[in-house]
Amino acid sequence: MRARWIFLGLAVMTLARAFGVAGAIAGVAAASLLLVIVQGPLARLVGRLPRHPGSSPDYDLVANVDRGFTGGWAGWPGRERLLVPATWVEDLAPEQFDAEIRRRLALRDSGSRARGVWLGLAFNLAGFALVAAFAGVDLTTVAGIVSASLWMTLWSFLGALVLPSLSRPAVYAADRLARSAGTDPDVLVGAIRRLDQLQDDEPDRPIGVETVFHPIPALQRRIARLEEGSSGGVGAWHTARMALFLS
């Protein structure tokens, strides 16, 4: 990881010397797009997620140790691949497993996952452009690259506070779309409850805490939205987490 940072810093500095700020921004954009392309293989490598027997045309079942791992979409929007934890076969009833697959497919088909990728990338590029233009850093020097990195750390923290508000509507929308696709509401609620137990096991939380820090709404709010049948918008899936990955 440290080698990657050093290489990227040197590349940005070189581009800034040759083409100015625009060249540096273009370099960061290119590196971000490359990370989107290799997201799946990188996740498999870092997370030690070998392909598991039982994969299907719709998803790759991956062997995982952490019961809290939930997989997700990885790769270039339009060519992404769904990674599904193999432990779900044991932890969920067959109908609950199918319900969760429907939810994930709905995230892709509704464009929510793609919006999360592009908005996360745009947020980072906007921050870098602001730093380069107004923070007084000289991207042609090592000191300037380090200063830009520190400014971007603050920008990423800001993103962790404000971007989850774009992800929560996507969760509600995925639940609603899975129900619209014919999933039994009781089965869907059962799957949501079980996965919550395997992760945070926090069925409810103060609204203020959730608004600032949590891209996934609390269990009780998700169930209430399902019962209401509220549309709640479409949102952008995991914008905050994608921004952190690409940062």
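R48 is found in the loop between α2 and β1; helices (H or I, at least four residues) and strands (E, at least two) are DSSP runs, numbered from the N terminus. The model is a predicted one, in which local features need pLDDT of at least 70 and side-chain atom pairs count only at pLDDT 80 or more, while totals for chains, interfaces and linings use all residues. Residues are numbered from 1 along each chain as its sequence is written, and side-chain values use heavy atoms, with hydrogens and water left out.

The phi angle of R48 is near 55°, a positive value in a residue other than glycine. Most residues other than glycine have a negative phi. With a relative accessibility of 71%, R48 counts as exposed (over 50% relative accessible area; buried is under 20%, partly exposed in between, with a 1.4 Å probe and protein chains only).

A positive phi, of about 50°, also occurs at H238, which is not a glycine. H238 is placed in the loop between α10 (219-228) and α11. This residue, H238, is buried at a relative accessible area of 18%. Apart from its neighbours within four places in sequence, H238 is in contact (heavy atoms within 4.5 Å) with S167 and I216.

## Nonpolar cores

The largest nonpolar core has 21 residues, of which V12, A24, F128, L139 and L246 touch the most other members. Two or more residues are given to this core by each of α1 (2-37), α5 (112-134), α6 (142-162) and α11 (239-246). Helix α1 supplies the largest share, eight residues. A second, separate core of 18 residues includes Y59, L82, W88 and L107. A core is here a set of buried Ala, Val, Leu, Ile, Met, Phe, Trp, Tyr and Cys residues joined through side-chain atoms within 4.5 Å. In soluble globular proteins, nonpolar side chains tend to be buried together.

Setting aside neighbours within four places in sequence, F128 is in contact with V12, A24, I25, V28, L139 and M152. S32, placed in helix α1, is buried with a relative accessible area of 5%. Not counting residues up to four places away in sequence, S32 touches L121 and L246.

Three strands form an open sheet in the order β1-β3-β2, with mixed pairing. From one strand to the next, the twist averages 35°. Helix α4 (residues 94-109) packs on the sheet and touches β1, β2 and β3, and its direction makes about 40° with that of β2. Axes are lines fitted to C-alpha atoms, for helices over the stretch in contact, and angles run from 0 to 180 degrees between N-to-C directions.

The pairing of β2 with strand β3 (residues 81-85) is antiparallel and spans three bridges; two strands pair if DSSP finds at least two bridges between them. G72 stands opposite L83 in β3.

## Aromatic pairs and a charge over a ring

The structure holds three aromatic pairs. In one of them, the rings of Y59 and F97 have centres 5.8 Å apart and planes at 70°, so the pair is edge-to-face. This pair links distant parts of the chain, with Y59 in the loop between α2 (39-47) and β1 and F97 in helix α4, 38 residues apart. Y59 is buried at a relative accessible area of 12%, and F97 is buried at 11%. The rings of F123 and W155 have centres 4.7 Å apart and planes at 20°, so the pair is stacked. F123 in helix α5 and W155 in helix α6 are 32 residues apart, and their pair also links distant parts of the chain. F123 is buried, with a relative accessible area of 14%. Rings of Phe, Tyr and Trp (its six-membered ring) pair if their centres lie within 6.5 Å; planes under 30 degrees apart count as stacked, over 60 as edge-to-face and the rest as tilted.

R225 lies over the face of Y172, 4.1 Å from the ring centre; the criterion is NZ of Lys or CZ of Arg within 6 Å of the ring centre and within 35 degrees of the ring normal.

## V187 in helix α8

V187 lies in helix α8 (residues 185-198) and counts as buried at 18% relative accessibility. Residues up to four places away in sequence aside, V187 touches E95, Q96 and A99. V187 and R44 are 143 residues apart in sequence and 30 Å apart in space, C-alpha to C-alpha.
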